[in-house]
Amino acid sequence: MIERADGILSDINAPAELPVPSVIQQAPGIMFQGRLVKSLVFSTDLAIICHCDADAVLAVYPFMCQPAITQALVAASQRPVINGVGGSITQGERCVTLALHSEMQGVAGVVVNAGIPVDTVHDLAAHVNVPVVVTVYRADDQARAQIEAGVDMVNVAAGRRTAAVVAQLHEQYPHLPIIATGGPTDASILETLQAGASAISWTPPTAQELERKVMERVRGAE
């Protein structure tokens, strides 16, 4: 047993109740805060995060970044958190301010979505010391301009085209770390890794889906 920073005792040898797909271990990984990260759980649900064995947390949600949420994620996750700070909704000085605040709260990186202007990416790269990640959907001129503005890595979320976009970016920027969605199967994860992804973001089932399965088992036993 060990005592976590929040005073709660936990067993580091206990198996995860929500393990990420084991095939992700084949990823080369990316270093965040001195930790080799191969898997990132794409969630802001603390119940899911705390019962999952992903190496890091990709915390992106469709609202303006809230420092209170960032603080809760960093405190509870006990692993690197890459936090969304802007994109289509939040840009310019406000985005940079939120990124700096997130950095002071202890995040391992900040991520912006594809709608972010290139000048905001440049300002983030100039002012933030943690890695700056841009989410891209295509390997187009906009993505290239954002990458060349100074990002440290990309997060590819292109749906069924993810592996193809990863392959294009890996060919153009062979030393650029790439996080990418792996898809729903081991085969799709492997395809993304073989295309050049460094780490895989995994979307877990929701707490509601897991609770429904528990209740179905309970009702079935009655």
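Of the 222 residues of the chain, 45% count as buried. The model is a predicted one. Its secondary structure amounts to eight helices and 12 strands. The radius of gyration is 18 Å, close to the 17 Å given by the globule rule for 222 residues, so the chain is as compact as a globular protein of that length. Along the principal axes, the C-alpha atoms occupy a box of roughly 60 × 40 × 30 Å. When contacts between residues at least 6 apart in sequence are considered, 57% join residues at least 24 apart.

Helix H7 covers residues 186–195, and its buried residues are Ser188, Ile189, Thr192, Leu193 and Ala195. Viewed down the axis of H7, these residues fall within an arc of 160°, so they line one face of the helix. Ala187 and Gln194, on the other side of H7, are exposed. The packing partners of the buried residues of H7 are helix H6 (162–172), strand E11 (178–181) and strand E12 (199–202). Glycine 196 follows H7 and has a positive phi, near 125°.

The second largest pocket holds about 380 Å³ of space. Its lining is made up of 25 residues, of which Val60, Tyr61, Gly86, Val112 and Asn113 are the closest to the pocket centre. At least two lining residues come from each of strand E6 (56–59), strand E7 (81–86) and strand E8 (109–112). E7 contributes the most, with three residues. Sorted by class, the lining of this pocket comprises 15 nonpolar and 10 polar residues, with no charged residues.

Proline 205 is placed in the loop between E12 and helix H8 (207–221). E12 is also one of the elements against which the buried residues of H7 pack. With a relative accessible area of 24%, proline 205 is partly exposed, because the buried class requires a value under 20%. Apart from its neighbours within four places in sequence, proline 205 makes contact with Leu18, Ile48 and Leu210. One of these, Leu210, belongs to the range of residues assigned to H8. Between the C-alpha atoms of proline 205 and glycine 220, which are 15 residues apart along the chain, the separation is 21 Å.

Notes:
Residues numbered from 1 in each chain as written. Predicted model: local features only at pLDDT ≥ 70, side-chain atom pairs only at ≥ 80, totals over all residues. Heavy atoms only, no water. Buried < 20%, exposed > 50% of the residue type's maximum accessible area, 1.4 Å probe, protein only. Helix = DSSP H or I, 4+ residues; strand = E, 2+ residues; numbered from the N terminus. Arc of directions from axis to C-beta. Contact = heavy atoms within 4.5 Å. 1 Å grid on protein atoms, 1.4 Å probe; cavity = no way out; pocket = protein on both sides within 12 Å on 5 of 7 lines; lining within 4 Å. Points joined across faces, edges and corners; volume = space filled by probe spheres on them. Nonpolar A, V, L, I, M, F, W, Y, C, P; charged D, E, K, R; others polar. Rg over C-alpha atoms; globule rule 2.2 N^0.38 Å.
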